[in-house]
Amino acid sequence: MRRVAYFFGSAAAAGAGTYVVIYLYRWQWQRAILCGVLLLVVEVMLLGIVLLGRLARIEERMRDADRRQEDVLARLREKEARPAGDRFRWLEEPTSRTYVFVPVLMVTGVLLSGLAWIVQRIASATARPTAERRLAGRLAVLAAPGPARDADPNGMDDPRGMYDLDDLPPIGIGARGRRGRTARVLVVSAVGAALVGALVMGLADLTQTREEDAKNSEATSLLLKVDMRGTNMTAERESLAAHQLWERCRDSTSVPLNRATLGTLGDGLFAGVVQPALTDHDRMRLRGCLEDTGLDRTHLTVVGIGDADADDD
């Protein structure tokens with residue numbers, strides 16, 4: 001269940017973050033704010049799931065420790081409550097004669113140990129050195145290989161032709177594993193920092209205001225459509241909502257609009273003309289402001305946008 005929550009939470013966070021970037025690129029600030037809030041909520045939810053899992057594991061460990069402590073305490077109390085006479089009950093039973101066998105067995109073990117010690121001393125005194133050499137020759141194939149007979153790393157020759165293991169550098173599986181982990185962490189950190197930097201720089205490059213060449217046209221015309229949800233949405237309400245959005249977005253461009261008129265075409269369609277002609281970047285800013293969520297139960301769509309000359313009707 002936790003994996004399912006992680007999957008859906010990660011998918012929601014990825015989608016919200018993607019749309020934050022998209023809406024920032026489109027200059028739609030209200031939608032970007034909503035997606036940013038959703039991203040924060042999902043991140044807090046994932047953090048809460050992780051913390052709850054950690055707390056559950058800590059509580060389980062504490063319960064296990066308490067159970068083990070209670071078991072040990074119960075055993076100690078049982079030992080304290082056990083009567084002292086029960087420790088050697090086999091000595092108190094008169095019907096059983098097996099207790100006599102134990103001392104006899106102990107004495108026999110002592111005698112056999114002494115006899116084995118005498119035999120070992122006699123064998124060590126009468127053994128020949130050739131037998132030991134023969135045994136060492138047989139066991140030589142099982143010995144570990146010695147270090148290489150090379151020059152001393154410090155520039156001095158080893159008179160024995162070999163080095164002690166303590167003098168050799170500590171190269172092993174653990175050291176290689178730690179170095180490999182450190183290298184992987186550094187690589188992942190560098191790649192993550194590069195991706196974050198590229199994202200920030202790319203987003204800043206897309207949303208910054210640039211000086212562009214002026215258009216040869218005199219004006220820019222827009223065709224807008226207003227959709228309103230709810231009852232009693234008359235043409236007057238649609239016209240009022242369209243003019244409110246239009247007047248609010250006049251200041252969204254980098255250049256001041258000397259003239260910005262909006263006329264009604266009927267059926268929720270409106271035509272707007274702005275002067276001077278807008279550059280491509282200002283068109284994106286004006287379109288993003290108009291299509292952003294600004295009024296309750298009102299959605300405005302830019303159907304078309306283009307340049308207009310003085311001789312156009």
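Modeller: Buried means under 20% relative accessible area, exposed over 50%, and partly exposed in between (1.4 Å probe, protein chains only). This is a predicted model, in which local features need pLDDT of at least 70 and side-chain atom pairs pLDDT 80 or more, while totals for chains, interfaces and linings use all residues. Residues are numbered from 1 along each chain, and side-chain values use heavy atoms, without hydrogens or water.

Biologist: In what order do the elements of the protein run?

Modeller: Helices (H or I, at least four residues) and strands (E, at least two) are DSSP runs, numbered from the N terminus. The protein has eight helices and four strands. From the N terminus on, the order is α-α-α-α-α-α-β-α-β-β-α-β.

Biologist: What share of the 313 residues in the protein is buried?

Modeller: The protein exposes about 24,000 Å². Carbon and sulfur atoms supply 61% of that area. Of the 313 residues, the buried share is 19%.

Biologist: Is Glu-60 buried, partly exposed or exposed?

Modeller: Glu-60 meets Arg-63 in a salt bridge, at 2.7 Å from N to O. The term needs a side-chain nitrogen of Lys or Arg within 4 Å of a carboxyl oxygen of Asp or Glu. Arg-63, at 39% relative accessibility, is partly exposed. Glu-60 has 34% relative accessibility, so it counts as partly exposed.

Biologist: Which residue forms a salt bridge with Arg-283?

Modeller: A search of the whole structure finds eight salt bridges. Arg-283 is buried, at 16% relative accessibility. The closest N and O atoms are 2.2 Å apart, and the partner of Arg-283 is Asp-307.

Biologist: How many residues apart in sequence are the parts tied together by Arg-283 and Asp-307?

Modeller: Asp-307 is partly exposed, with a relative accessible area of 34%. Arg-283 and Asp-307 form a salt bridge. Arg-283 lies in helix 8 and Asp-307 in strand 4 (residues 298–308), so the parts they tie together are separated in sequence by 24 residues.

Biologist: How many residues of helix 8 are buried?

Modeller: Helix 8 is mostly covered. Its buried residues include His-281, Asp-282, Arg-283 and Leu-286. Of the twelve residues in helix 8, the buried ones number nine.

Biologist: How many bridges join strand 2 and strand 3?

Modeller: Two strands pair if DSSP finds at least two bridges between them. Strand 1 (residues 219–228) runs antiparallel to strand 3, with six bridges. Strand 2 (residues 259–266) also pairs with strand 3 in the antiparallel sense, and the bridges there number seven.

Biologist: Which residue in the turn between strand 2 and strand 3 has a positive phi?

Modeller: Strand 2 and strand 3 form a hairpin with two residues between them. Gly-266 has Leu-269 as its bridge partner in strand 3. A positive phi, about 60°, belongs to Asp-267.

Biologist: Which residues make the covered face of strand 3?

Modeller: In a regular strand the side chains alternate between the two faces of the sheet. The uncovered face of strand 3 holds Leu-269, Ala-271, Val-273 and Gln-275. The covered face is Phe-270, Gly-272 and Val-274.

Biologist: What is the relative accessible area of Phe-270?

Modeller: Contact means heavy atoms within 4.5 Å. Beyond four places in sequence, Phe-270 is in contact with residues including Leu-222, Glu-238, Ala-242 and Leu-262. Phe-270 is buried, with a relative accessible area of 2%.

How values were computed
Areas by Shrake-Rupley, 256 points an atom, 1.4 Å probe, with all protein chains shown as cover.
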